[in-house]
Amino acid sequence: MLGKSVAVFLILATIYMFTRPLSATAGVPTDQVRGTVDRVMAILQDPNLKTKSKLIERRELLRSVISVRFDFAEMARRSLGAEWRRLMPSQQQQFVELFTDLLRDAYVADIEFYKGEKASYTRETQEERFAVVQTILRSPEGNEYSIEYRLHLVDKEWKVYDVVIENVSIVNNYRSQFARLINKSSFEGLIRAMKEKTLLKQN
């Protein structure tokens, strides 16, 4: 029950991550994002992977690269909110696996809609094991969108755990939608919708 708004957020967030080089003054979080961007761009621009027959191979490569930078397990936990603590460990694991497949596949599919948008990094802040990278995305028509990446340090890697577009958090958006579905049906109903991949089809 993600609705069209989340689909738009995914497109905007994904477009930004795969656009322009970073400032020389960027810190470690931004540098690590750049490494992911470079690998994704190499895949998208590889002429040997652009044919229809290479679609599955290309998307598998993109999933692999994206999984390194996004902490889908943390995003899943935050998106479920208080309901997470009421679940058995086996239910938590099942939800993380389904959420990861759902969000990762949506990102990979949306990457291919890149239309020449340009972006700039405006600020990076760090506080212990957390960091925020603030950006501005500009469309070819001149529209601007603020996009904020929230990251945390896992071992030596900075992982994205939320993306905030125009002051709206993707994680919070998921949380409200999941809560409505659980209240209307049940956690099992949510799991069933995720398995059937019907969430993105609902308003």
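Reader: What makes Ala193 count as buried or exposed?

Author: This is a predicted model, and its relative accessible area for Ala193 is 7%. Buried means under 20%, so Ala193 is called buried. Ala193 sits in helix 7, residues 187-195. Its C-alpha atom is 9.4 Å from that of Leu181, which is 12 residues away along the chain.

Reader: How many helices and strands does the protein chain have, and in what pattern do they follow along the sequence?

Author: The protein chain has 7 helices and 5 strands. Along the sequence, they follow the pattern α-α-α-α-α-β-β-β-β-β-α-α. Of the 203 residues, 48% are buried. Among contacts with a separation of 6 or more, 58% are between residues 24 or more positions apart.

Reader: Which residues of helix 2 and helix 3 meet?

Author: From helix 2 come Gln32, Val33, Thr36, Arg39, Val40, Ile43 and Leu44, and from helix 3 come Arg58, Leu61, Leu62, Val65 and Arg69. By class, this contact has 7 nonpolar, 2 polar and 3 charged residues.

Reader: Arg39 is in that list. What makes Arg39 buried, exposed or partly exposed?

Author: The relative accessible area of Arg39 is 40%. Buried means under 20% and exposed means over 50%, so Arg39 falls in between and is partly exposed. Leaving aside residues up to four places away in sequence, Arg39 touches Val65 and Arg69. Arg39 and Ile66 are 27 residues apart in sequence, with their C-alpha atoms 9.3 Å apart.

Reader: Let us turn to the strands. How do you know that strand 3 and strand 4 pair?

Author: Pairing needs at least two bridges, and strand 3 (residues 144-154) and strand 4 have 8 bridges, in the antiparallel sense. Leu153 stands opposite Trp158 of strand 4. The hairpin of these strands has 2 residues between them, and Asp155 there takes a positive phi near 60°.

Reader: And what makes strand 4 and strand 5 a pair?

Author: Strand 4 and strand 5 (residues 168-169) are joined by 2 bridges and run antiparallel. At least two are required, so these 2 bridges are enough. Ile165 stands opposite Val168 in strand 5.

Reader: Why do Glu166 and Asn167 get their accessibility labels?

Author: Exposed means over 50%. Asn167 has a relative accessible area of 75%, so it is exposed. Glu166 is at 41%, so it counts as partly exposed.

Reader: Why is the pair of Phe99 and Tyr174 called edge-to-face?

Author: The structure holds 8 aromatic pairs. In the pair of Phe99 and Tyr174, the planes are 65° apart and the centres 5.3 Å apart. Phe99 is in helix 5 (residues 89-111) and Tyr174 in helix 6 (residues 170-184), so the pair ties together parts 75 residues apart in sequence. Both residues, Phe99 and Tyr174, are buried. Ring pairs also link Phe95, Phe99, Tyr174, Phe178 and Phe187 into a cluster.

Reader: Finally, which residues are buried in helix 4, and what follows helix 4?

Author: In helix 4 (residues 72-80), the buried residues include Phe72, Glu74, Met75, Ala76, Ser79 and Leu80. Gly81 follows helix 4 and has a positive phi near 65°.

Methods. Residues numbered from 1 in each chain as written. Predicted model: local features only at pLDDT ≥ 70, side-chain atom pairs only at ≥ 80, totals over all residues. Heavy atoms only, no water. Contact = heavy atoms within 4.5 Å. Helix = DSSP H or I, 4+ residues; strand = E, 2+ residues; numbered from the N terminus. Nonpolar A, V, L, I, M, F, W, Y, C, P; charged D, E, K, R; others polar. Buried < 20%, exposed > 50% of the residue type's maximum accessible area, 1.4 Å probe, protein only. Phe/Tyr/Trp six-rings, centres within 6.5 Å; stacked < 30°, edge-to-face > 60°.
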